[in-house]
Amino acid sequence: MKPITAILLGAGGRGRFAYGAYASRYPEQLKIVAIAEPDEERRSIAAHEHGLDLGQLFESWEDVFNSGKIADVVIVATQDRMHFEPVMKAMKLGYDVLLEKPMSPEAEEVIAMANAAEFYQRKLIVSHVLRYTPFWSKVKQLIAGEQIGDIVTLQLSENVGYYHMAHSFVRGNWNKSEITSPMILQKSCHDMDIISWLMDKKCTKINSYGSLSHFKSQNAPVGSTARCTDGCAVERECPYSAKKIYGEDKTGEWAKFITGIITPESVQQALEQGPFGRCVYQCDNDVVDHQVVNMEFENYATASFTMSGFTHDISRVIQIMGTHGEIRGYMEKNELVLYRFGKEPETIVIPHIEGGHSGGDTRLMDEFVRNIREERVQKTAGLTSAVASVQSHLMAIAAERSRLIGGNTVELSKWQVEGGIT
């Protein structure tokens with residue numbers, strides 16, 4: 001059985017450690033045959049990891065597409081605002097596409113990509129990996145099996161983790177809305193997607209509040225410096241110290257994102273010269289560090305979502321309240337508690353699966369490869385086709401619009417018509 005061949009657009013964090021890593025672990029399933037990546041060091045590392053020669057390396061997605069159709073699929077792992085054009089070009093050339101979330105920060109582009117997938121009859125799969133995890137699959141199964149009756153309300157909390165907040169959304173690539181995406185779309189489109197999937201109804205109204213409350217210059221402690229390596233007087237006491245997060249963590253969990261090859265010298269150089277050594281109170285970030293969203297669905301069921309960057313861990317907690325029962329779930333513990341009204345509660349322990357996003361990364365790739373092999377039609381191509389992903393993207397975009405207009409309610413259907421979205 002020949003592996004599915006793929007072009008990888010973007011060899012950064014997700015491109016390298018999720019999609020590229022899958023190809024390395026399962027070479028019989030997926031083979032990277034070309035990479036487009038503007039960063040020279042990343043291109044070099046990718047070439048080594050996938051055994052590519054210079055003729056298979058490109059600086060831009062435009063360059064790789066000039067070669068015609070050279071693979072089965074394209075994996076788009078570029079920055080958020082760099083998704084639309086390569087996705088549209090790839091489908092026009094006859095490629096099926098796996099697209100890193102979010103699809104786009106622009107509602108019009110989200111709709112256009114989904115429509116194009118239908119027009120070209122291509123598979124366009126969005127990496128909403130949580131749907132593929134054993135945890136969320138079990139939650140969906142319990143709801144579908146009418147274990148709690150009809151959903152009346154749902155509450156989901158995303159605990160971002162203070163160190164993840166500092167890395168990705170204060171110092172890192174996703175710290176400015178106009179360059180990437182608003183926080184509710186970039187980080188929390190997973191959560192909007194899970195809510196949309198579990199509710200399984202049309203969302204009609206949304207409002208939202210949130211702000212950047214802490215990571216700004218007026219909150220910088222006395223004695224702090226522009227960089228953690230500049231002799232900061234409070235660095236040892238600061239929980240956001242870059243020296244602690246990147247230089248003193250023996251696992252290298254976060255250091256791998258700031259330097260290609262992890263050595264004490266390369267980490268130190270990255271902290272002294274790159275964005276990840278900056279004081280969190282003296283960055284150019286503007287995305288929110290906390291946000292709440294309230295939603296109403298067509299059957300008058302409601303949902304609420306809370307995102308906070310001020311948590312000790314990275315985790316998700318959910319409570320689903322139905323007419324005949326309740327589900328409480330703790331994703332990172334892989335544990336659900338099912339309460340059927342009038343009966344004893346049942347604790348359900350979900351089997352642990354290794355891999356990113358609680359095994360969701362691997363399961364997404366398994367499903368994607370299987371869809372390509374079986375030549376399934378676009379509409380049934382996995383749990384997270386573009387068509388299935390449109391509503392959750394519009395929910396996130398509407399939530400951000402509500403936040404920016406003071407929390408006023410946005411009616412999704414009215415907003416879509418006013419924006420020319422059909």
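How many nonpolar, polar and charged residues does the lining of the second largest pocket have? By class, this lining has six nonpolar, two polar and five charged residues. Ala, Val, Leu, Ile, Met, Phe, Trp, Tyr, Cys and Pro are counted as nonpolar, Asp, Glu, Lys and Arg as charged, and the others, Gly among them, as polar.

The structure is a predicted model, in which local features need pLDDT of at least 70 and side-chain atom pairs count only at pLDDT 80 or more, while totals for chains, interfaces and linings use all residues. Residues are numbered from 1 along each chain as its sequence is written, and side-chain values use heavy atoms, with hydrogens and water left out.

Rolling a probe the size of a water molecule over the atoms shows where empty space is left. The search used a 1 Å grid over the protein atoms alone; a cavity is a set of points where a 1.4 Å probe fits but cannot get out, a pocket is an open set with protein on both sides within 12 Å along at least five of seven lines, and lining residues have an atom within 4 Å of a point. Grid points are joined across faces, edges and corners, and a volume is the space filled by probe spheres set on the points.

The second largest pocket has a volume of about 260 Å³. It is lined by 13 residues, of which Ile143, Gly149, Asp150, Ile151 and Met199 are the closest to its centre. Two or more lining residues come from each of the elements α6 (134–144) and α9 (189–199). Helices (H or I, at least four residues) and strands (E, at least two) are DSSP runs, numbered from the N terminus. Helix α6 provides the largest share of this lining, three residues.

One cavity of 30 Å³ or more was found in the whole structure. The largest cavity holds about 80 Å³ of space. Its lining divides into eight nonpolar, three polar and one charged residue. Among the lining residues of the largest cavity are Cys228, Cys232, Cys238 and Cys279.

A search of the whole structure found zero disulfides (pairs of cysteine sulfur atoms within 2.5 Å). Cys189 is in no disulfide, and the nearest cysteine sulfur, that of Cys203, is 15 Å away. Cys232 is in no disulfide either, its nearest cysteine sulfur being that of Cys228, at 6.3 Å. Residues are called buried under 20% relative accessible area, exposed over 50% and partly exposed in between (1.4 Å probe, protein chains only). Cys189 counts as buried because its relative accessibility is 1%, and Cys232 counts as buried at 18%.

Helix α2 spans residues 40–50, and Arg43, Ile45, Ala46, Ala47 and His50 in this helix are buried. The elements that cover these buried residues include α1 (13–25), β2 (30–36) and β3 (57–58). At the start of α2, a side-chain oxygen of Asp39 reaches to within 3.1 Å of the backbone nitrogen of Glu41. The helix is followed by Gly51, whose phi is positive, near 65°.

Contact means heavy atoms within 4.5 Å. A polar contact is a pair of N or O atoms within 3.5 Å; within protein, one must be able to donate a hydrogen and the other to accept it, and residues adjacent in sequence count only if both atoms are side-chain atoms. Glu158 lies in strand β7 (residues 151–159) and is buried, with a relative accessible area of 2%. The side chains of Glu158 and Arg316 are joined by a polar contact of 2.9 Å. Leaving aside neighbours within four places in sequence, the contacts of Glu158 include Lys187, Asp191 and Phe305. Gln319 is placed in strand β11 (residues 315–322) and is buried at 18% relative accessible area. A polar contact of 2.7 Å joins its side chain to that of Glu326. Beyond four places in sequence, Gln319 is in contact with residues including Thr153, Leu154 and Gln155.

Asn285 lies in the loop between α11 (264–273) and β9 (290–297) and counts as buried at 10% relative accessibility. The side chain of Asn285 reaches the backbone oxygen of Phe215 at 3.1 Å. Asn285 and Leu212 are 73 residues apart along the chain, and their C-alpha atoms are separated by 8.9 Å.
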